[in-house]
Amino acid sequence: MNRRKFLQTSALGAMMTAVSPISFSAYGKSTVKTGTPGRLNLSFAPYELQLKHAFNLAKSQRTTTPDVQVEIEYDGLTGYGEASMPPYLGESVATVTSFLSGLDLNQFNDPFRIEEIHDYMEKVAPGNRAAKAAVDIALHDLMGKIMRQPWYKIWGLDPSKAPCTSFTVSYDANPTEQKAKIEEASPYKVIKVKMGLDHDKELVEAIRRSTDAPICVDANQGWNVKEAALEMCHWLNDRGCLFVEQPMPKDMIDETAWLRERSPLPIIADEFLQRLPDVRRAAQAYDGINIKLMKSTGMHEAYKMAVHAKALGMKVMLGCMTETSCGVTAAAQLSPMADWADLDGNLLIANDRFDGLKIVDGKVTIPDRPGIGVLPLKA
Ligand code: MG
């Protein structure tokens, strides 16, 4: 979608939600923004992400992901943000636009008051993590643009330490389709597979027939029996897997701790944890955590989670939802702190709106641009 179409859709989004602090329709006829000078001016629009391939997860399949694109204008600069809402997280276009409509960011005259703005958002409503992340990402983009620095630099990180990203390959009953999916992953150094389905071993064996690339496994809570999960961890270890993400349901903490004690592969928490206070809890049963901006309410808390996990001796994985390059590039700023990255969300969609991070020789390559490092794509 080009910018004009986006703004037109935005006007529709603003009408759908009845009131927004500044509706896109206010400047829908022009790309010149007319927000209150010296104040934070928020606007947003629903944007459905089209997946290149149907996503087969342990408990569902889908071809689109609901998403809301956010802009915060401040003194002539625009910060971009995004909320992506895969159904299992419980947020939707309706909840995100409702939350954003209820925010009065116009009361703030300084985007650097990020702690204060997060406190304010928590007071407006609990939950709404993706909606809060969208605001947080846009604020980081603004702050970085004001400082004229990318966030990896502001955080003191070395971009050459960014890891390779994994690329997700899902199971397909059709052997030709399955082969095509594996071939699509060939430029990447690490392959991620979603498990907990009926064909877990067939998928790994199909990949091994094509490539020796290391495999990360995400069971998406799909294994219910700890002994069978342990057996699978050994089987995967013998086939060059790196770790297993969320092998068992998130409430099976004792069973996961039992598995962690015995597994030859590190066990990583994903659905188990969302935000900063969950990191310490995760340390009881997991070797590492998967941080995602849509769970953590954005970059501000994601950074704190990475620092906390490292202090506890845990591994850090950086993930994403299916997102445009906006959310994924924002996450990539933190990637030099991660042991593993799973930042392929933008590669899985057919209608990206931004130019951002690049995967060069399999490695996460952060753009040398201020803020979160994205440029809106022209038509
Ligand atoms: Mg996962």
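Reader: From which domains does the lining of the second largest cavity draw at least three residues each?

Author: This is a predicted model, in which local features need pLDDT of at least 70 (pLDDT being the predictor's confidence in each residue, from 0 to 100) and side-chain atom pairs count only at 80 or more, while totals for chains, interfaces and linings use all residues. Residues are numbered from 1 along each chain as its sequence is written, and side-chain values use heavy atoms, without hydrogens and water. A cavity is a set of points on a 1 Å grid over the protein atoms alone where a 1.4 Å probe fits but cannot get out, and lining residues have an atom within 4 Å of a point. The lining of the second largest cavity takes at least three residues from each of domain 1 (3-149) and domain 2 (153-376), with bounds from an automatic or database domain assignment.

Reader: Which element gives the most to the lining of the second largest cavity?

Author: Strand E6 (166-169) and helix H6 (175-184) each supply at least two residues, as does strand E2 (49-56); strands (E, at least two residues) and helices (H or I, at least four) are DSSP runs numbered from the N terminus. Among the lining residues are Lys52, His53, Ala54 and Phe55. With four residues, the element that gives the most is E2.

Reader: What volume does the largest cavity have?

Author: The largest cavity is lined by 20 residues, with Phe55 among those nearest its centre. A volume is the space filled by probe spheres set on the points, which are joined across faces, edges and corners. For the largest cavity it is about 220 Å³.

Key
1 Å grid on protein atoms, 1.4 Å probe; cavity = no way out; pocket = protein on both sides within 12 Å on 5 of 7 lines; lining within 4 Å.
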